[in-house]
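Work through the following exercises with the sequence and the model open side by side.

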Amino acid sequence: MTGLPQSLVELARRYGVATEYEDWTGQRVRVADTTLIAVLDALGVQAGTEHHREAALAAHDRAYWARPLPPTIVTRAGTPSSFWVHVTHGDPARVWLRLEHGTTRTGLRQLENNRAPYDLDGLLIGEASFELPPDLPLGYHELHLQLGADEVSTAVIVTPASLAPPPRLDTGRSWGLAVQLYSVRSQKSWGIGDLTDMTDLAVWSAAEHGAGFLLVNPLHAAAPTAPMEPSPYLPTSRRFVNPIYLRPEAIPEYAYLRGRGRSRKARERVQTQADRSELIDRDAAWRAKRAALQAVYRVERSAGRELAYTAYRKREGRSLDDFAIWCALAEKHGNDWHNWPHELQHPANPEVAEFAAEHAAAVDFHRWLQWQLDDQLSAAQATALRVGMSLGLMHDLAVGVDPNGADAWALQDVLALGVTAGAPPDEFNQLGQDWSQPPWRPDQLGKHAYRPFRALVNAVLRHAGGVRIDHIIGLFRLWWIPKGAAPTEGTYVRYDHEAMIGVVALEAHRAGAVVVGEDLGTVEPWVRDYLSRRGLFGTSILWFEMDRDGPEDNRPRPAERWREYCLSAVTTHDLPPTAGYLAGEHVRLRERLGMLTRPAEEELAADRRQQAAWLDELRRVGLLGESPGEAPDVDEVVTALHRYLGRTPSRLLALSLADAVGDRRTQNQPGTTDEYPNWRVPLTGPDGRKRLVEDVFTDTRAAALADIMRAAVEPPM
């Protein structure tokens, strides 16, 4: 039916690679055999010839029967499940569980399994099935199998059936300020927004306007070398944090720093430069801040602080060491590990350990920076909760990492090489997207008991009451693009979503946090229902909430029909702020960049029709007055749109800080890098002048919109 060799179709099926898919227009698209061969190659499977495919299929069978236990077993609490074991045909299978807290469970019930034995090199291998009882506690356990005198084990992950909202979300609804932190600095910053600024914004929004959370852009680490990558969605590491967000003066040892006057003058210089620059200069900010941080690092720590640092290093373990070593190597050899001397290209090589020993101070400096970030993030979350936030900080988890960066180096054994992750064409990005990020290998995640993914989710929730997972659909299936191919020439690769979502739910349960999945774009219909059943929130952006079928085709979806378990907002960082959107900037910008697939006049006409439909909807519900013959005031429309959010049943509502102060320029244009200054645009008001944190606190527009959000979520008296 597909026109592809049957052996290639079968091989793709076994490895979760789609041979066809439905595009955003509803058309079925057949995947090219060259794409399938390249994607399978990235999974370690040769499929270029019929001989290779037959050998790969046979190897897949052998690998299954040679494995005594599944690589990882994932189940839900309260539900019985089964697993298989492989033993020499006729031998008994003795299994037991060692639970996470140390106790042992025996007596697992054997189930009927009539599968015929398999001839593995002359040895018959039989398969038996056992039941995992429904009363297992949540957590990470070990299943053991006795094979004669030997013993093998595998991981058993018991996840919540459904993630309940944390008790702190007591009113049922909450609103939060959505902030691109780098874009908004204060009078005491170092040329860029930092964690102290983030804390102050949380305090203002909570204490003055009843906000329950502050949603912040990904704070993931960038390479410590110039030019610093501006995109928070293309980090060198998702496991660690960018030290550019540190406030040096907030480090306890700063009080004992000699020459604080020099540090103050350095801060003043970089602030003056930021005042004069049209765009954010991360390199200048980091250069000045790094020198100050190195001076603080050299200050002798108290005995108690030294104990705290030791405890932090012990908790973070090998992951922290690998990251710090990569940073030191990047400063010496450049931030693309593929170009390093061959012996330094894998963290397990002895030459890497030798380098770390020879450059111990440089490595330790980068470990110390992460400790300071952990301290300041901990203080920020504690302050947010103390001033009345129900959730506190809501961090953002990016889809992937820089292929040349720290995580790609440290985790190269569980990442797919030869492909990049992205997205197929959709209504807004009609040429597709290539994010240039190496995706997880689903097979290797299972073999590693999902530990790298578990550590990542645990880290992002350590100091948070919530997490927004960018492109959460990537935990179900991800668009893989062979290197050198266009985004349109990719295909989907499936992941074990039961395991991926289960790990997220388990870590969030333990952290007492909310999980928001960014589920925009091309989504299989059943996925949103699945996420809802598992207790994860979705995302709704007002401009995308349109009825696509039925008598009201392509009309605004009435507020009462929006999802309840959802984070709803008027706009997002991939669109202009609402004032700019109303002016059609999202169309004009893509026209200037050559990103439209139809004439700009058609795009603008379609945009005007959509906006007119929304204005009609606002008038229908009484949020916008009649204005025959003249366009309504922009501020009036912005206010009405945010009031409309309050009419929805959505449990979480977000107000963009850019909307709050009347900014017009988008932070990011998907599908571009340097064609537009993505992630380098400072926060400005409607007059184009930069706005500092202190300006936000006295901005009447910001206060008015924040109070509208507060009224939307507070229960009626």
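For sorting lining residues into classes, Ala, Val, Leu, Ile, Met, Phe, Trp, Tyr, Cys and Pro count as nonpolar, Asp, Glu, Lys and Arg as charged, and the others, Gly among them, as polar. The model examined here is a predicted one.

**Exercise 1. Describe the second largest pocket by its volume, its lining and the domains that contribute to the lining.**

Step 1. The volume of the second largest pocket is about 930 Å³, and 27 residues line this pocket, with Arg14, His60, Pro71, Pro442 and Asp443 lying nearest its centre.

Step 2. Sorted by class, the lining comprises 14 nonpolar, four polar and nine charged residues.

Step 3. At least two lining residues come from each of helix 1 (6-14), helix 3 (50-66), strand 3 (72-76), helix 11 (442-447) and helix 13 (497-511).

Step 4. The chain is divided into domain 1 (6-64) and domain 2 (70-159), whose centres, taken over C-alpha atoms, are separated by 30 Å; each of these two domains gives at least three residues to the lining of the second largest pocket.

**Exercise 2. Trace the strand pairing around strand 10.**

Step 1. Strand 10 (residues 139-147) pairs with strand 5 (residues 94-98) in the antiparallel sense over five bridges, and in this pairing Arg98 stands opposite Glu142.

Step 2. Strand 10 is also joined to strand 11 (residues 150-159), again in an antiparallel arrangement, by nine bridges, with Gln146 opposite Glu151.

Step 3. Strand 10 and strand 11 form a hairpin with two residues between them, and Gly148 in the turn has a positive phi of about 65°.

**Exercise 3. Identify the largest nonpolar core and a core that lies apart from it.**

Step 1. The largest nonpolar core holds 190 residues, and those with the most contacts inside it are Met198, Trp368, Trp480, Leu652 and Leu657.

Step 2. Helix 7 (residues 303-333) gives the most to this core, contributing 11 residues.

Step 3. Another core, of 17 residues, lies apart from the largest one and includes Ile73, Leu99, Ala128 and Val158.

**Exercise 4. Characterise the largest cavity and the residues that line it.**

Step 1. The structure holds six cavities of 30 Å³ or more, and the largest cavity contains about 450 Å³ of space.

Step 2. Of the 34 residues lining the largest cavity, Ala178, Gln180, Thr571, Thr572 and His573 are the closest to its centre.

Step 3. By class, this lining has 18 nonpolar, 11 polar and five charged residues.

Notes: Residues numbered from 1 in each chain as written. Predicted model: local features only at pLDDT ≥ 70, side-chain atom pairs only at ≥ 80, totals over all residues. Heavy atoms only, no water. Domains from an automatic or database assignment. Pairing = 2+ DSSP bridges. Helix = DSSP H or I, 4+ residues; strand = E, 2+ residues; numbered from the N terminus. Core = buried A, V, L, I, M, F, W, Y, C linked by side-chain atoms within 4.5 Å. Buried < 20%, exposed > 50% of the residue type's maximum accessible area, 1.4 Å probe, protein only. 1 Å grid on protein atoms, 1.4 Å probe; cavity = no way out; pocket = protein on both sides within 12 Å on 5 of 7 lines; lining within 4 Å. Points joined across faces, edges and corners; volume = space filled by probe spheres on them.
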